[in-house]
Amino acid sequence: MRESFTVDRQRFSFLDFGGPGLPLLAFHGHYNEASTFAPLAEAVAPRWRVFALDQRGHGESDRAQSYQRSDYVADIAAFHHHLGLGPVAVLGHSLGGVNAYQYAARHADQVTALIVEDVGAEMNADWSLATGLPRHASSREELTSALGATAPYLECAFRQFDDGGWGFSFDIDHTVESHKALTGDHWGDWESVICPTLLIRGTDSEVLTREHAQHMIARRAGQAQLAEIPAGHVVHHDAPEQVAAAVRSFLSQLHAG
């Protein structure tokens with residue numbers, strides 16, 4: 001079910017995948033939106049009930065004036081508050097992964113478990129994909145053809161415009177701005193997380209190297225574990241069953257019974 005809430009006149013949209021399970025908040029990466037987690041939500045049900053936010057400037061949520069780190073973290077806090085939930089498990093991919101661990105670091109009493117998918121603690125964000133995207137296509141087929149091999153990763157964000165043309169639910173220039181704000185050293189936040197953490201890495205990822213992932217685990221001495229899955233950067237897309245299994249296994253360790 002799609003729902004929404006408003007903070008300071010900015011509207012946010014989210015998907016509640018329903019069910020009787022324990023809540024799991026999910027946050028997507030650049031070029032995606034909440035619907036990217038539909039297969040995962042189905043795979044972890046009924047034990048877990050996924051709530052996935054269209055983050056600022058993405059999906060059905062409003063475009064924003066700012067895409068700074070503090071903006072994204074505040075959005076998660078507002079989303080969590082709107083849902084009226086107590087402490088929860090949180091999952092994030094790429095951009096959403098940094099947002100998730102920064103939220104967990106800065107609101108430690110609100111997060112019981114953290115799952116971070118294929119993103120590091122030090123970012124040198126690459127926005128070349130954004131600047132290379134077509135801004136307008138005459139049809140969905142033309143847009144798909146222009147994207148080539150990247151099309152399956154972006155198709156959840158395809159939108160038809162009022163003029164009949166096709167593009168994306170995010171603004172390309174805003175995405176570049178968000179990438180720039182993501183760049184930086186976030187080790188302080190990563191090391192400040194106190195809840196049990198699962199770091200998922202795609203073995204073919206061009207974003208998170210094995211060395212960096214291992215360093216992240218070492219810096220969280222005994223509090224974090226690493227799962228490496230044969231996949232690229234969007235691990236939940238390339239290997240949905242393996243990611244779901246890793247998530248279920250990790251969370252079951254914390255919520256036995």
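**Notebook: cores, rings and one crossover**

I started at L25: skipping neighbours within four places in sequence, I found L25 in contact with F51, F79, H80, L83, L85, V88, A89, V90 and L91. By contact I mean heavy atoms within 4.5 Å.

Ground rules before going on. This is a predicted model, where local features need pLDDT of at least 70 and side-chain atom pairs count only at pLDDT 80 or more, while totals for chains, interfaces and linings use all residues. Residues are numbered from 1 along each chain as its sequence is written, and side-chain values use heavy atoms, with hydrogens and water left out.

**Cores**

Next I looked up the largest nonpolar core, which has 41 residues. L25 is among those with the most contacts inside this core, along with F79, Y101, L114 and W190. Helix 3 (residues 95-106) gives the most to this core, seven residues. Another core lies apart from it, with 28 residues, including A89, L198, A227 and V247.

My terms here: a nonpolar core is a set of buried Ala, Val, Leu, Ile, Met, Phe, Trp, Tyr and Cys residues joined through side-chain atoms within 4.5 Å. Buried is under 20% relative accessible area, exposed is over 50%, and partly exposed is in between (1.4 Å probe, protein chains only). Helices (H or I, at least four residues) and strands (E, at least two) are DSSP runs, numbered from the N terminus.

**Rings**

I searched the whole structure for aromatic pairs and got ten. F5 and F12 are a stacked pair, 5.4 Å centre to centre with 15 degrees between the planes. Both F5 and F12 are buried. The Y67 and Y72 rings have centres 6.3 Å apart and planes at 45 degrees, so I logged that pair as tilted. Y67 is buried at 1% relative accessibility, and Y72 is buried with a relative accessible area of 1%. Ring pairs also join F5, F12, F14, F27 and F79 into a cluster.

The pairing rule I used: rings of Phe, Tyr and Trp (its six-membered ring) pair if their centres lie within 6.5 Å, with planes under 30 degrees apart stacked, over 60 edge-to-face and the rest tilted.

Which charged end sits over the ring of W187? I found R219 there, 4.1 Å from the ring centre. R220 lies over the face of W190, at 5.2 Å from the ring centre. For this I required NZ of Lys or CZ of Arg within 6 Å of the ring centre and within 35 degrees of the ring normal.

Strand 11 (residues 197-202) pairs with strand 12 (residues 224-229) in the parallel sense, over six bridges; a pair needs at least two bridges found by DSSP. In strand 12, I229 stands opposite G202. With helix 9 (residues 210-219), these strands make a right-handed β-α-β unit (clockwise path from the first strand over the helix to the second, with the strands pointing away from the viewer).

I then checked A231, in the loop between strand 12 and helix 10 (235-238). A231 counts as buried at 5% relative accessibility. Beyond neighbours within four places, A231 is in contact with G202, T203, D204, S205, D238 and A239.

The A45 to P46 peptide bond is cis, omega near 0 degrees. P46 lies in the loop between helix 1 (38-44) and strand 4 (48-53).

D8 is not a glycine, yet I read a positive phi of about 50 degrees; R9, also not a glycine, has a positive phi of about 70 degrees. D8 is exposed at 75% relative accessibility, and R9 is exposed with a relative accessible area of 83%.
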